[in-house]
Structure formats: structure tokens, C-alpha cells
Amino acid sequence: MNFDQIIEKRRAVNFFDTEKDVDESLLKKIILEAGNAPSSYNLQPWKLKIIRTPEQKEALRKLAFDQPKVTEAPVTLMVLADRDGWKEGNPTMEKVFADFVKAGKMQEEQREWFAGARQALYGRDAEAAQAFANKNSSLFAMSLMFSATANGLESHPMDGFDHEGVRKEFNIPDNYWIPMLIAIGYLKPGAQIYPKGWRQSFEEIILD
Ligand SMILES: Cc1cc2nc3c(=O)[nH]c(=O)nc-3n(C[C@H](O)[C@H](O)[C@H](O)COP(=O)(O)O)c2cc1C
């Protein structure tokens, strides 16, 4: 499938085949592919919680305004955006810095400079840290959906859920925001996908 086909084929699908599971290795493949998404300083401030068991799905559906796709899709991915992902000591940040040093892109002595740059950009207030986490994780989320399509799967992003309720139910630590849930699976046989909704024209997208 080329990119034009992926763009055309990806839709927020409401009806999933409840009889067809998503193979574990395929799920792993789309997650690893999506991990190639770009991020600020390559900091990759995202994690996923995989919701797969009937009990987890029931609990999540109750907190997601009873959206049927949460239990009908074989898997729902909970995208987690790490508001602390820019901080010193954050394990992913430390790996990124070590990788920069190894690749000769930064020197060990630049640690303080790098910490200062991150602090200025993402640590100046709570809004900056929230924006950092959400923008990067949403690029990862989009990549997940494109990768799902490219691998023959359907998806559906959702922000219709009780954020704090989900945090509590699934013991999500405070440093994570949950930008969206993504149901993943196969289209229910015979189900119709609604016609694609209106999109802005080129002229409408461009702000003069
Ligand atoms: C961040 C985000 C949150 C969304 N939340 C929901 C949701 O909770 N429930 C729902 O039915 N659709 C949800 N949608 C799906 C949108 O309605 C859908 O993507 C949009 O209408 C365009 O349709 P398409 O994806 O099929 O092109 C969400 C989409 C995004 C990107």
C-alpha cells in the first residue's frame, strides 16, 4: 500500500469484528513502526497501555461513555504522554542523551547545556510540559493509525472518556496525560463505513 492509499483507507471505524483477534506479533510490528515517529530532541515521551482482556475492556468502556467499540475491538491502545519526559533522570531522556553522545552529536560536557535547553522549552510552566507531552505523543498516535492501516487493520481514535476515571482505574501515574485511546481490529463483516466527512480545502487551511 502506498501512502496515498493509506491516507485514503484510514478511517475512524465504528464496527469491529468481534470474532477476529489482532495477532500479538502484528500488534508489536505496528507499535515498533509507529515508534519511528519524530519527536522533540528525539525524546519520545510516549508509552502505551494495551487493553485486551474482557475485564479491562468492560472497565474502560464504562469510562468511555459506553462506546461499544471499546469492547468490540480486540485491542484498545491507551496512549500515554509523559509530561516529565524532558527532565533529567527520565530513563528515556537518559538513553537519548547517551545515544547523542555515542553518535558524536553531543559531548558529555554538554549535559548541563542540554538540560537548560529542555528546561527553557518544556519546563517553564505546566502548560509547556503538557504541550510537549501531547504534541509528541499525538504524532506517535497518528503513526500508530497509519501503521495499522498499512498492515491491514482498522483503528478508531477516541478522546471521549473520563480522563481522571481512566487514570484511577488503570493506575496511571500522575506524570502521564492520556491524549487518546485507539481501538484496533478488523472491520465487522458487512459493516458500512460512513462516507468520508468534509475536509478543508487548501485555501481554507492556509491562514493569510
Ligand atoms: C483525538 C481524537 C479523538 C476522537 N474521539 C472520538 C470519540 O471519542 N468517539 C468517536 O466516535 N470518534 C472520535 N474521533 C473520531 C473522529 O470523529 C473522526 O476521526 C473524524 O470524524 C474524521 O473521520 P475519519 O477519521 O473517518 O476520517 C476522534 C478523533 C480524534 C483524532
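Let's start at the ligand, which has R11, A12, Q67, P157, M158, D159, G160, M180, K196 and G197 around it; being near here means a C-beta atom, placed from the backbone, within 6 Å. This is a predicted model, where local features need pLDDT of at least 70, side-chain atom pairs count only at pLDDT 80 or more, and totals for chains, interfaces and linings use all residues. Residues are numbered from 1 along each chain as its sequence is written.

By class, that shell splits into four nonpolar, three polar and three charged residues (Ala, Val, Leu, Ile, Met, Phe, Trp, Tyr, Cys and Pro are nonpolar, Asp, Glu, Lys and Arg charged, and the others, Gly among them, polar).

Stepping back, the chain has nine helices and four strands, taken as DSSP runs numbered from the N terminus (helices are H or I with at least four residues, strands E with at least two). Their order along the sequence is α-α-β-α-α-β-α-α-α-β-α-β-α.

Now for a helix pair: the axes of α2 (residues 24–34) and α7 (residues 126–150) come within 8 Å and cross at roughly 135°. Axes are lines fitted to C-alpha atoms, for helices over the stretch in contact, with angles from 0 to 180 degrees between N-to-C directions. The two helices are therefore oblique to each other (under 35 degrees is roughly parallel, over 145 roughly antiparallel, 65 to 115 roughly perpendicular, and the rest oblique). On the α2 side, I30, E33 and A34 make the contact, meeting F140, S143, L144, S147 and A148 of α7; contact means C-beta atoms, placed from the backbone, within 7 Å. Five of these contact residues are nonpolar, two polar and one charged.

Terms used. Contact = placed C-beta atoms within 7 Å.
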